[in-house]
Amino acid sequence: MYRSHTCGELRSSDIGRAVTLAGWVQKVRNLGAMTFIDLRDRYGITQIVVEEHSPEQTRAVAARLGREYVLQAKGRVIERSSKNPKMPTGDIEVAADELTVLNEAQTPPFTIEENSDGGDDLRMKYRYLDLRRPPLQRNLALRHRMAHAVRTFLDKEGFLEIETPYLVGSTPEGARDFVVPSRMNPNQFYALPQSPQTLKQLLMVAGYDRYFQIVRCFRDEDLRADRQPEFTQIDCEMSFVEQEDILEVFERWAKYMFHEILGIDFTEPFRRMPWIEAMERFGSDKPDLRFGMELHDVTDLAHGHSFSVFDDAEYIAGFAATGCAGYTRKQIDALTDYVKRPQVGAKGLVWIRLDEQGNIKSSIDKFFTPDELKVIADRVEAHAGDLVLLICGKKFKVLTQLCALRLHVAEALGLRDPKKFAPLWVVDFPMFEWDDETQRFYAMHHPFTSPKPEDIPFMESDPGRVRANAYDFVCNGTEIGGGSIRIHDAQLQALIFKVLGFTPERAQEQFGFLMNAFKFGAPPHGGLAFGFDRLCSLFGGSDSIRDFIAFPKNNACRDVMLDAPSALDQSQLDELYLSLVKPE
């Protein structure tokens with residue numbers, strides 16, 4: 001038996017007990033007559049004491065210990081003379097009778113502590129060491145608890161967990177596929193699924209009316225803090241349901257998760273917000289409702305004052321930055337520089353300051369009287385002490401630019417409290433979005449989303465007007481999940497493919513299996529998928545999903561620990577009938 005207890009288990013009630021512990025050496029403090037060893041496992045840390053009267057062999061082992069040695073300690077639990085209230089085991093220590101080095105260790109490249117001195121690249125290279133740190137252990141334990149809670153709830157609701165394949169056919173719509181060459185079928189390729197979308201719809205056709213799986217998905221796209229090339233979804237589908245049925249089940253699921261994991265109870269129904277309202281009030285289809293500073297259209301008030309920047313603009317909007325009237329010119333210039341960054345894309349920023357005495361000062365007071373500026377300030381619900389920030393240009397570009405600025409200001413003001421949660425449903429999305437570059441419509445969600453029945457007559461004459469039976473679950477400015485009622489009629493599906501520019505032949509080639517299945521009696525169905533990694537980071541109070549994935553990739557989509565991706569031997573390429581072309 002390597003251990004009788006874990007390193008986080010012993011308490012005062014165990015004093016006098018003979019115990020055996022095993023773990024990693026966190027720290028050694030040699031005080032001459034006594035040596036103290038902090039022994040760590042994923043459950044906690046226990047202090048081991050080697051005293052002057054301890055066996056000679058035990059003292060010899062203690063003298064040569066280094067950080068991260070794997071150690072077994074046998075001894076008695078005694079009361080600690082100098083207690084540590086910051087440690088759960090801080091009232092006791094183990095007086096060692098016997099120490100056994102189970103494995104020596106080189107000095108690690110960074111400290112295995114709560115706050116490490118290792119940079120991101122170094123910790124990613126030695127991820128197996130980083131995973132020994134308590135923050136990562138807590139994160140993965142949280143992920144486990146959440147996965148267990150998901151399965152518990154959905155099982156009680158009658159959902160079946162059914163696995164779907166990872167080697168599927170490529171569907172170029174949407175993000176890029178990761179493709180896998182087939183040795184047994186020369187010059188042909190599988191794709192890794194971006195989601196099990198068509199497969200779960202086929203399960204509905206097959207009669208499995210409540211399906212879910214916690215499933216890996218793959219997308220070959222540029223990365224950022226909340227994206228990985230492989231990620232995990234809570235994937236769900238239901239038959240014989242309308243939108244309200246799905247929202248009812250998964251709103252209860254969300255409340256269950258908040259209660260079980262965080263001890264937070266939501267008693268009121270979650271807010272429902274149409275997509276266009278979310279865009280016009282918050283500049284985003286995933287609005288952060290933890291604070292105010294809503295956007296307001298001031299186009300009618302700003303036009304006609306001989307200020308060409310405004311007069312030539314299609315749309316002018318802004319918000320009141322709460323309590324920011326005291327910003328210096330340097331701080332305002334920093335905000336202007338922020339919105340001019342390529343990631344935001346605005347050409348400039350106009351401001352109106354309302355000081356505590358009611359005086360108004362503005363960057364455009366050459367063109368507007370104080371009364372005219374006050375009317376604009378009132379429109380954006382500004383009060384004394386606020387700073388009004390305005391941007392102009394094309395409507396939806398202005399809205400997204402203001403959203404970025406709103407979140408930037410809120411972050412600086414400390415308004416984005418990670419321990420505060422503001423969930424909502426965003427509904428009534430546009431069915432299609434137009435792409436200027438390719439001069440065609442694309443499905444805003446995916447081509448299997450059902451349109452609102454009342455909008456179907458506009459499908460060919462005015463596709464931009466058509467709304468989808470789609471919905472997103474949003475919390476704290478992050479899209480946690482989304483879904484839709486699906487198309488279950490083959491003729492309507494064919495019409496959608498036509499609007500999206502698919503020829504009947506191409507639609508049949510890529511999705512014929514689904515369209516053919518619909519001919520054999522497809523039930524009305526719909527579902528949604530939640531980003532499990534994002535949900536874990538939300539509940540864990542982090543901005544990055546990497547902290548909740550055991551072995552993530554870096555921003556270059558590389559696994560620096562495994563040094564992947566890597567080159568193949570020529571023999572492997574020959575087996576796959578592949579030849580390589582050097583990039584330019």
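Strand β14 and strand β15 (residues 360-362) run antiparallel and are joined by three bridges. Helices (H or I, at least four residues) and strands (E, at least two) are DSSP runs, numbered from the N terminus. Two strands pair if DSSP finds at least two bridges between them. Strands of a sheet pair through backbone hydrogen bonds, either parallel or antiparallel. Leu 354 has Ile 360 as its bridge partner in β15. Five residues lie between the strands of this hairpin, and Gly 358 takes a positive phi near 90 degrees there.

The model is predicted: local features need pLDDT of at least 70, side-chain atom pairs count only at pLDDT 80 or more, and totals for chains, interfaces and linings use all residues. Residues are numbered from 1 along each chain as its sequence is written, and side-chain values use heavy atoms, with hydrogens and water left out.

Strand β14 also has a partner in β16 (residues 387-393). Four bridges join β14 to β16, and the two run antiparallel. Trp 351 stands opposite Leu 389 of β16. Five of the five residues of β14 (residues 350-354) are buried, so the strand is largely enclosed by the rest of the structure. Buried means under 20% relative accessible area, exposed over 50%, and partly exposed in between (1.4 Å probe, protein chains only). In a regular strand the side chains alternate between the two faces of the sheet. Both faces of β14 are covered. Val 350, Ile 352 and Leu 354 are buried on one side, Trp 351 and Arg 353 on the other.

Eight strands form an open sheet with mixed pairing, in the order β6-β9-β10-β22-β21-β20-β17-β11. The edges are β6 (160-161) and β11 (271-274). Each has a single partner strand, so one side of each is left without a neighbour in the sheet. Strand β11 pairs with β17 (residues 423-427) in the parallel sense, over four bridges. Pro 274 stands opposite Val 427 in β17. Helix α4 (residues 134-156) packs on the sheet and touches β6, β9 (210-218) and β10 (230-239). Contact means heavy atoms within 4.5 Å. The direction of α4 makes about 150 degrees with that of β9. Axes are lines fitted to C-alpha atoms, for helices over the stretch in contact, and angles run from 0 to 180 degrees between N-to-C directions. Helix α5 (residues 197-205) lies across β9, β10 and β22 (525-531), at about 25 degrees to β10.

Ser 566 sits in the loop between α15 (532-540) and α16 (570-575). Ser 566 is exposed, with a relative accessible area of 56%.
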